[in-house]
Each structure stands twice: as structure tokens, then as C-alpha cells.
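My notes follow in the order I took them.

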Amino acid sequence: MATYTLVDKETCITCGACGAAAPEIFNYDEEGLAEAFADYNKGTDAIREELEEELANAQEGCPTE
């Protein structure tokens, strides 16, 4: 089953946890907010299976969940 992600920019506090845990999934926009950069934070592109553990680590490490 495919996994998708996006960042809720309304709650992002730019702590950097997601980018540190999953640098191939998350990046930061021009305002410094995190985003899933594969699909410009739309949640439309599936995360590659080999990156799902990194995604889980990023989600667990996010202080705003």
C-alpha cells in the first residue's frame, strides 16, 4: 500500500526534526517552513518504500505531530 505525506504548515514551528530524520522526503520553503518536496507538499506523490522508516521517524520526532 502506498504512503503519502504533507506538512501542515499552519502548525509547523521550523524545528528541523523532519528534515533531519528524512532529508530525502522533507525540505524547507522560502519561509523556512517544512514541506514534502517531491510533490511541493501536495500529498500526491507516494513515498518510496525504502524511505517509509525515515518517514515514520520524522513523524515521531515532530513536536507538533
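Helices (H or I, at least four residues) and strands (E, at least two) are taken here as DSSP runs, numbered from the N terminus. I am working from a predicted model.

**Entry: glutamate 24.** I began with glutamate 24, in the loop between H1 and strand E1 (26-28). Is glutamate 24 buried, exposed or partly exposed? I read a relative accessible area of 44% for glutamate 24. Glutamate 24 is therefore partly exposed, because that class runs between the 20% limit for buried and the 50% limit for exposed.

**Entry: aspartate 39.** Next I went to the loop between strand E2 (34-36) and H2, where I found aspartate 39. Which side chain of opposite charge is nearest to aspartate 39? I found lysine 42, at 7.5 Å. Aspartate 39 is buried yet has no salt bridge. A salt bridge would need a side-chain nitrogen of Lys or Arg within 4 Å of a carboxyl oxygen. The side chain of aspartate 39 reaches the backbone nitrogen of glycine 43 at 3.0 Å.

**Entry: asparagine 41.** Asparagine 41 is also in the loop between E2 and H2. I noted a positive phi of about 65° for asparagine 41, which is not a glycine. Most residues other than glycine have a negative phi. Asparagine 41 has 14% relative accessibility, so I logged it as buried.

**Entry: glutamate 65.** Glutamate 65 sits in the segment after H2. Why do I list glutamate 65 as exposed? Its relative accessibility is 85%, and exposed means over 50%.

**Entry: the largest pocket.** Last, I turned to the largest pocket. I recorded a volume of about 340 Å³. How many residues line the largest pocket? I have 20 in the lining. Val7, Asp8, Cys62, Thr64 and Glu65 lie nearest the pocket centre. Helix H1 (17-21) and helix H2 (52-61) are the elements that give two or more residues to this lining. I sorted the lining residues by type: 12 nonpolar, 6 polar and 2 charged.

Definitions and conventions: Residues are numbered from 1 along each chain as its sequence is written. This is a predicted model: local features need pLDDT of at least 70, side-chain atom pairs count only at pLDDT 80 or more; totals for chains, interfaces and linings use all residues. Side-chain values use heavy atoms; hydrogens and water are left out. On a 1 Å grid over the protein atoms alone, a cavity is a set of points where a 1.4 Å probe fits but cannot get out, and a pocket is an open set with protein on both sides within 12 Å along at least five of seven lines; lining residues have an atom within 4 Å of a point. Grid points are joined across faces, edges and corners, and a volume is the space filled by probe spheres set on the points. Ala, Val, Leu, Ile, Met, Phe, Trp, Tyr, Cys and Pro count as nonpolar, Asp, Glu, Lys and Arg as charged, and the others, Gly among them, as polar. Buried means under 20% relative accessible area, exposed over 50%, partly exposed in between (1.4 Å probe, protein chains only). Lys and Arg count as positive and Asp and Glu as negative; His and the chain ends are not counted. A polar contact is a pair of N or O atoms within 3.5 Å; within protein, one must be able to donate a hydrogen and the other to accept it, and residues adjacent in sequence count only if both atoms are side-chain atoms.
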